[in-house]
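Thanks, everyone. Please have a look at it first.

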Amino acid sequence: MGEEINDNPINTEEVSACNANVEENGETLEGGAKYYTLEEIRAHNVCKDTWLIIHDKVYDITSFLEEHPGGEEVLLEQAGADATESFEDVGHSTDAREMLQQYFIGELHMDDRIKAPTKETTTTPGESSSWTVWLVPAVIAAVVGIMYRYYMLEHKSS
């Protein structure tokens, strides 16, 4: 008598450890938004704890894995990382984008966000800019044309 029987088959230690982990992670900044670092997000890359970054927002999609129409494997491949490009490449519907909001848990920390490249930084030293792609061949063609004309005039007059 007086003993409590736990008929719940779920391992409560595991559940409480997961919840504690979520509550301890992240940094709350102004506006009440919770910010997570890439290092924190990378730790959530298994099927029982799956986080994704999409457009600098962090989503806990663990409960959605089995429901995903494309299968859980595609989500697990991106788990703990930035899945923005993959998400956009697939061309998700408006409904899918709205559904994503229910899994929102915070945002990527400002220090870890990738800066959008400006027009000046889009080319690297090894690449040529767009105007040189057509300008150099055009100048070469003009020089060859002038040399050909000059050569032909020389032979006619002799």
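Start with helix α3, which contributes 4 residues to the lining of the largest pocket, the most of any element. Before going further: this is a predicted model.

Which other elements take part in that lining? Besides α3 (72-78), at least two residues each come from β4 (49-54), α4 (84-90) and α5 (94-100). In total, 20 residues line the largest pocket, and those nearest its centre are F64, H68, L75, F87 and H92. The space inside comes to about 420 Å³.

Next, the salt bridges. How many does the structure hold? There are 2 salt bridges. One joins E88 and R97, with 2.9 Å between the closest N and O atoms. E88 has a relative accessibility of 32%, so it counts as partly exposed. R97 falls into that class because its relative accessibility is 31%. The other pairs E107 with R113, at 2.7 Å from N to O. Are E107 and R113 buried or exposed? Both E107 and R113 are buried.

Last, the surface. A nonpolar patch there is formed by W131, W134, L135, V139, V143 and M147, and together they have about 640 Å² of accessible area. Take L135 from that patch. L135 belongs to helix α6, which covers residues 130-157. With 30% relative accessibility, L135 counts as partly exposed.

That is the tour; I can take questions now.

Notes:
Residues numbered from 1 in each chain as written. Predicted model: local features only at pLDDT ≥ 70, side-chain atom pairs only at ≥ 80, totals over all residues. Heavy atoms only, no water. Patch = residues over 30% accessible without salt bridge, like charges linked within 9 Å, V, L, I, M, F, W, Y side chains within 5 Å. Areas by Shrake-Rupley, 256 points an atom, 1.4 Å probe, with all protein chains shown as cover. Salt bridge = Lys/Arg side-chain N within 4 Å of Asp/Glu carboxyl O. Buried < 20%, exposed > 50% of the residue type's maximum accessible area, 1.4 Å probe, protein only. 1 Å grid on protein atoms, 1.4 Å probe; cavity = no way out; pocket = protein on both sides within 12 Å on 5 of 7 lines; lining within 4 Å. Points joined across faces, edges and corners; volume = space filled by probe spheres on them.
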